[in-house]
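Colleague: Thanks for making time to go through this one with me. Could we take it question by question?

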Amino acid sequence: MTVYHMSDTLHLNTELTANYRKNWELAEPFVQALEKNETCFYSVYFSAKFMSEALNRFGMADMQTDYVKWAAEGVFEYIRRKEFPESCCRLKSNYYFDSVAACRELFEIDWGRADASERAGIRLFEVELSAVHAERHDMRLFDQAYDDLWESDDLTGAAGYARRYFEGGQTEHPIWEIVSDQKAVAIRDLTEYLRK
């Protein structure tokens, strides 16, 4: 199956690695807390919120310290394990798109306001995915779960979006991501098309 993937670390003719940045470990405490109960989740969540703010004050904040992202990933993984165990784990999978146009749209959403050097570091690859069937989900449902947590610490709302995501639901203007934990190799560099 031919799909497309954006990355700042992948190289041509290289196999993609699941959990490449070891982000699984950042979300797992939120999953473990939810396995205990909602009160435990909020204890971990607000502790992470404090730690994130402290790191920010010392100029040490980045995506890795975004507690809301890892809490949302934890909620999604908890719902997946409990209600959709046949689905791929988001953090142990890679994300692809079915067209260059979809990649360009996402590139502008994610890096449209980034500085030129950061934008230049993002590359687009055509990828050969060995999966016969891959999951297709509306990534905007994850974004809405993130927003619910960010704006109002709403665990119930985030869990609802996670269910819709794994059920195959969609938003009014979906952005479809292809999620797979199967072998995939970057076979062609298409970065020139990303910026057209």
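Modeller: Buried means under 20% relative accessible area, exposed over 50%, and partly exposed in between, with a 1.4 Å probe and protein chains only. This is a predicted model, so local features need pLDDT of at least 70 and side-chain atom pairs count only at pLDDT 80 or more, while totals for chains, interfaces and linings use all residues. Residues are numbered from 1 along each chain as its sequence is written, and side-chain values use heavy atoms, with hydrogens and water left out.

Colleague: Now to the charged pairs. How many salt bridges are there?

Modeller: A salt bridge is a side-chain nitrogen of Lys or Arg within 4 Å of a carboxyl oxygen of Asp or Glu. By this rule, the count is 14.

Colleague: How far apart in sequence are the parts tied together by Asp153 and Lys49?

Modeller: The side chains of Asp153 and Lys49 form a salt bridge, at 3.9 Å from N to O. Asp153 sits in the loop between α6 and α7 and Lys49 in helix α2, so the pair ties together parts of the chain separated in sequence by 104 residues.

Colleague: Is Lys49 buried, exposed or partly exposed?

Modeller: The relative accessibility of Lys49 is 33%. Lys49 therefore counts as partly exposed.

Colleague: Which two residues form salt bridges with Arg90?

Modeller: With Glu73, the closest N and O atoms are 2.9 Å apart; Arg90 is in the loop between α3 and β2 (94-96) and Glu73 in helix α3, 17 residues apart. With Glu177, the closest N and O atoms are 3.0 Å apart. Since Glu177 lies in strand β5 and Arg90 in the loop between α3 and β2, this second pair ties together parts 87 residues apart in sequence. The two partners are Glu73 and Glu177.

Colleague: Are Arg90 and Glu73 buried or exposed?

Modeller: For Arg90, the relative accessible area is 8%, which means that Arg90 is buried. Taken as a pair, Arg90 and Glu73 are both buried.

Colleague: With which side chain does the side chain of Glu177 make a polar contact?

Modeller: Glu177 is in strand β5 (residues 176-180) and is buried, with a relative accessible area of 5%. A polar contact is a pair of N or O atoms within 3.5 Å; within protein, one must be able to donate a hydrogen and the other to accept it, and residues adjacent in sequence count only if both atoms are side-chain atoms. At 2.6 Å, the partner is the side chain of Tyr165.

Colleague: Why is strand β1 largely enclosed by the rest of the structure?

Modeller: Strand β1 covers residues 2-7. It is largely enclosed because, of its six residues, the number buried is five.

Colleague: In β3, which residue is the bridge partner of Ser7?

Modeller: Two strands pair if DSSP finds at least two bridges between them. β1 and strand β3 (residues 123-129) pair in the antiparallel sense over six bridges. The β3 partner of Ser7 is Arg123.

Colleague: What is the phi of Asn13?

Modeller: Most residues other than glycine have a negative phi. Asn13 lies in the loop between β1 and α1 and is exposed, at 59% relative accessibility. Although Asn13 is not a glycine, its phi is positive, at about 65°.

How values were computed:
Helices (H or I, at least four residues) and strands (E, at least two) are DSSP runs, numbered from the N terminus.
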